[in-house]
Amino acid sequence: MFYREAGDFKTSYVADGQTFPIRFDRMRYYAVLAVAFGVIPFFITDYWANAILLPFLIYGIAAIGLNILVGYCGQVSLGTGGFMAVGAYGCYKLMTAFPEVSMIVHVLLSGGITAAVCVLFGLPSLRIKGFYLAVATLAAQFFLVWLFNRVPWFYNYSASGQISAPERHVMGVVITGPNAPAWATYLFCLLFLTGCALVARNLTRGTVGRSWMAIRDMDIAAEIIGVNPMKAKMTAFAVSGFFIGIAGALFFSVYLGAVEVGEAFGIQKSFLVLFMVIIGGLGSIFGSFAGAAFLVLLPVILKVVGVDVLGWPTDIVAHFQLVVVGALIVFFLIVEPHGLAQMWRVTKEKLRLWPFPH
Amino acid sequence: MSEQLVFAMEVTLNGLMAGVLYALVALGFVLIYKASGIFNYAQGVMALFAAMTLVGIMNGQVPFAHLINAIFGGHITHFGWNLPGFAAICLTVGVMVLLAWLVQVLVMRHLVGQEPIILFMATIGLAYFLEGVADLMWGSELKTLDVGLPQGINLWIDETTFQIFDYGFFIDNLDLVATVIAVLLVAGLVIFSQYTKQGRAMRAVADDHQAALSVGISLNFIWVLVWSLAGFVALVAGIVWGTKSGVQFSLSLIALKALPVLMLGGFTSIPGAIVGGLIIGVGEKLFEFLIGPMVGGATENWFAYVLALLFLVFRPQGLFGEKIIERV
């Protein structure tokens with residue numbers, strides 16, 4: 001009823017190969033983009049930007065990155081926090097060393113640095129698999145956080161050991177630092193999220209993405225039919241690292257402004273992003289968005305309901321949050337291991353037949 | 001004898017003691033992994049939960065007191081009794097068995113046949129859940145746990161070593177007791193799994209689920225049993241670590257300490273857990289002592305992981321693990 005592909009004929013290869021082949025999907029995609037770029041910046045307030053929109057956009061990028069590694073290539077990683085820290089510190093070093101270069105270049109470069117580090121820590125994946133690998137990536141998490149804590153060069157020998165983002169501009173508009181307007185930071189992050197999502201979407205439906213999925217589904221069989229496991233795994237680590245690095249750079253420079261590495265990029269962050277990917281849906285770009293939105297909104301909603309409506313003390317609400325998140329993870333794994341994305345797919349199927357399901 | 005060497009010997013001894021504690025935690029992981037193929041990330045939080053429950057029962061705290069007060073008003077905190085350590089431990093064992101049963105009925109039974117990595121993530125969710133419940137039940141403040149284990153410097157070792165090396169070693173009594181407990185526990189577990197009916201059934205399940213089912217072993221019962229055993233090991237680890245450094249959130253992080261131990265020793269081997277624990281304990285203390293000052297210290301956070309990682313590249317199944325055979 002609402003959702004049809006009937007009558008949607010393709011007459012050229014170009015039309016058949018577009019990113020969203022179904023007209024309804026395409027229109028919805030343009031509508032979302034139009035609202036995100038054209039409407040929200042005019043109404044955004046500091047509270048909305050800092051409490052919901054910026055974390056959503058940034059975690060969205062990180063979740064897409066991790067989803068490429070875990071959901072598409074099947075290599076479970078618990079090092080996301082450490083890799084985000086690489087992006088953040090890379091961005092900080094670049095920002096302070098080259099103040100006149102545009103922030104866009106800095107963020108992209110710190111993504112590149114993270115990709116290199118990620119490939120380095122991904123090398124053991126050629127030998128070890130499954131949760132041996134998951135635990136091995138914890139080595140990256142602990143080592144990187146320790147490195148940024150202990151080597152003063154990374155935080156420019158500042159007395160507190162923290163890094164804080166100096167004020168930087170993009171085309172005359174302040175992007176980082178306390179004076180940045182909400183709409184500018186929002187648009188800056190949105191730009192990167194849109195870019196990352198487009199790249200990820202197109203990578204995953206092309207040759208590279210297919211080789212990732214072949215490795216995920218059964219690596220030995222994939223190797224036998226001619227997929228190069230080393231190339232597939234390393235590209236997955238590189239692309240994933242690139243996105244996670246961008247997320248880390250934005251998280252530090254645009255969102256938080258000042259960062260203490262153990263607190264901002266600890267192991268909790270790795271788990272948080274992993275949960276986003278699981279709850280959203282492994283192997284789905286839309287799922288990454290859904291998972292990020294869900295886990296960004298959940299604490300806000302719980303806080304509003306618990307503290308403001310019921311009047312409970314904040315520590316009880318914080319504990320409740322742990323209980324709810326834990327229960328949800330288990331619930332999702334039992335009921336719907338493919339996450340919110342799969343629920344959306346099922347709804348779509350139902351809508352297609354509605355109101356005559358037989 | 002040079003001073004450095006004597007220091008190094010003391011560090012090694014302390015490393016061995018720390019390694020025993022790591023092995024104690026790692027044991028709980030191995031038990032569950034062998035019997036059900038589940039890598040139980042929640043083991044550390046179970047230790048925290050057990051220790052908090054023990055303290056709560058000993059002090060006669062009312063569970064969920066804070067929450068009840070927040071909802072209904074009122075100021076309930078304590079029942080007003082103090083239980084002796086032994087009785088409280090027995091009650092806590094009961095709670096851990098109940099927890100094992102709940103986990104089996106509510107979670108693991110629904111996930112039978114899923115991929116190991118899905119099960120692993122489910123236990124991460126379980127860890128979050130348990131942590132929240134433990135905080136809600138007993139409050140999240142730092143508690144002291146005292147069930148009568150001796151603490152403080154061992155004077156006999158101090159004096160003996162002073163006579164030999166002219167320098168007294170600092171060895172904590174608690175570490176010595178923990179070593180004894182760990183040895184007893186391992187011996188007990190080995191005897192249980194080798195010589196009792198239930199232990200044999202447990203090993204049969206570990207070998208082959210279907211074959212075990214076909215000779216009339218109840219999988220459900222065995223899994224509850226295994227989770228209860230893991231809960232018991234968690235309680236022991238919780239008591240030792242809780243006495244050492246207080247009962248608080250960081251107790252659950254011992255799970256993260258046990259992971260590299262397992263990777264090194266192999267997930268399926270009880271001797272592996274012990275040897276791995278000792279290697280990691282000595283290795284990280286010596287590394288911190290010799291290399292640490294040169295690179296800024298606090299290397300204990302990551303040394304174990306990097307060691308295990310390098311080791312795995314050459315031997316993917318760990319020291320004593322079963323050889324991984326892959327078929328298409």
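Q: In which helix of chain A is A:Phe83 found?

A: This is a predicted model, in which local features need pLDDT of at least 70, side-chain atom pairs count only at pLDDT 80 or more, and totals for chains, interfaces and linings use all residues. Residues are numbered from 1 along each chain as its sequence is written, while chains are lettered from A and ligands numbered from 1 in the order in which they are written. Helices (H or I, at least four residues) and strands (E, at least two) are DSSP runs, numbered from the N terminus. Here, A:Phe83 belongs to helix H4 of chain A, residues 80-97.

Q: Why does A:Phe83 count as buried?

A: A residue is buried if 20 or more other C-beta atoms, placed from the backbone, lie within 10 Å of its own, exposed if 12 or fewer, and partly exposed in between. A:Phe83 counts as buried because it has 36 C-beta neighbours inside 10 Å.

Q: With which residues is A:Phe83 in contact, leaving aside its neighbours within four places in sequence?

A: Two residues are in contact if their C-beta atoms, placed from the backbone, lie within 7 Å. Once those sequence neighbours are set aside, the contacts of A:Phe83 are A:Thr114, A:Val117, A:Cys118, A:Gly241, A:Ile244, A:Gly245 and A:Gly248. By contrast, A:Val309 is 226 residues from A:Phe83 along the chain, and their C-alpha atoms are separated by 38 Å.

Q: How many residues does each chain bring to the contact between them?

A: The size of an interface is often given as the accessible area lost when the parts come together. Here we count residues instead: 37 come from chain A and 39 from chain B. On the side of chain A that touches chain B, H6 (130-150), H9 (219-224), H12 (267-280) and H14 (314-335) each supply at least two residues, and the largest share, 13 residues, comes from H14(A). If Ala, Val, Leu, Ile, Met, Phe, Trp, Tyr, Cys and Pro count as nonpolar, Asp, Glu, Lys and Arg as charged, and the others, Gly among them, as polar, then this side of chain A has 31 nonpolar, three polar and three charged residues.

Q: How many helices and strands are there in chain B, and how does its radius of gyration compare with the globule rule?

A: Chain B has 14 helices and zero strands. The radius of gyration is taken over C-alpha atoms, and the globule rule is 2.2 Å times the number of residues to the power 0.38. For the 328 residues of chain B the rule gives 20 Å, and the chain has 21 Å, close to that value, so it is as compact as a globular protein of that length. Of these 328 residues, 43% count as buried. As for chain A, its secondary structure comes to 15 helices and four strands, and 45% of its 358 residues are buried.
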